[in-house]
Amino acid sequence: MTEPAVLHTTSGHVLSLTLNRPETLNALTPAQRDEIVRLLAEASASAEVRAVVLTGTGRGFCAGADLRASAAAPAARATGDVARTLRTGAQRLIAAVLDCEKPVIAAVNGTAAGLGAHLAFACDLVLAAESARFIEVFVRRGLVPDAGGAYLLPRLIGPQRAKELMFFGDALTAADAQRMGLVNRVVPDADLDKTSRAWAERLATGPTRALALTKQLVNASLDTDRATAFAAEAAAQEINMTTADAQEGVRSFVERRSPAYRGC
């Protein structure tokens, strides 16, 4: 029996998503992309899921979009076809990660190129194996960066560094990616699964709604002025104070004990 192209299991309130086409370095097909979008939407709505880990099998995290399907398609396109495909495909995938109401950790186990690199950078936290490589591969193919890259990279490392990566398309080591601020931590390859699981389990015992609101505030902060950001912060505080976890957090502080958050 053929294994699914996206493996997914939930254990200890952690959803593990694994791209599973190692023979292609996990180049994403439209079906895989749509499956990840669906699973992330379900994770947002599920009380059972409180953190997500995204990784790949084999030597690659994700080598980008699987271009073989598009190369085999007819050359003639109607005006608007490319933009529509991008909106409903790669951009929709990146938005699904950014908008997921649960923390998403990228455990980058190998090559992350093009769409694959942007998929990692869209995650809330990025762990990279020492063997990981990040490549803005688009210029090598005569293409404009897609999958939200020109939105994500300048916000993470500034416009000049983003242009350097995108103009030259050179492979970036995990250590260099960490120095630039694209990666939270680099770990030995053998420790990647263990570390990502430990981080996810820690997040899964946290105040889930507070984390979701925090993610929303931080993601929106770079696109808003101060007055809008302050108003959003106040609204988030108002919403969060109605949750059981916020009340438990205050109560545990007063009672001088560790909080026991339930994710609601």
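Predicted model: local features only at pLDDT ≥ 70, side-chain atom pairs only at ≥ 80, totals over all residues.
**Entry: Ser 44**

I then listed its contacts, leaving aside neighbours within four places in sequence. Ser 44 is in contact with Asp 99, Cys 100, Glu 101 and Lys 102.

I turned to strands β1 (6–11) and β2 (14–19). They pair in the antiparallel sense, and I noted six bridges for the pair. Within this pairing, Leu 7 stands opposite Thr 18 of β2. The two strands form a hairpin with two residues between them. Gly 12 lies in the turn, and I read a positive phi of about 60° for Gly 12.

Which residue in the loop between β1 and β2 did I look up next? It was His 13. Its phi is near 70°, a positive value in a residue other than glycine. I kept this entry because most residues other than glycine have a negative phi. His 13 has a relative accessibility of 29% and therefore counts as partly exposed.

I recorded Leu 25 under this heading as well, with a positive phi of about 55° although Leu 25 is not a glycine. Leu 25 sits in the loop between β2 and α1. With a relative accessible area of 21%, Leu 25 is partly exposed.

**Entry: the four-stranded sheet**

What is the strand order of the open sheet of four strands? I read the order as β4-β6-β8-β9, and the pairing is mixed. I then asked why one side of β4 and of β9 is left without a neighbour in the sheet. Strands β4 (60–62) and β9 (171–173) stand at the edges and have a single partner strand each, so one side of each lacks a neighbour in the sheet. Neighbouring strands of this sheet are turned against each other by 25° on average, direction ignored.

I next examined the pairing of β6 (residues 111–113) with β8 (residues 133–135). These strands pair in the parallel sense, over three bridges. Which residue of β8 is the bridge partner of Ala 112? I found Phe 134 in that place.

Terms used: Residues numbered from 1 in each chain as written. Heavy atoms only, no water. Contact = heavy atoms within 4.5 Å. Pairing = 2+ DSSP bridges. Axes fitted to C-alpha atoms, helices over the stretch in contact; angles between N-to-C directions. Buried < 20%, exposed > 50% of the residue type's maximum accessible area, 1.4 Å probe, protein only.
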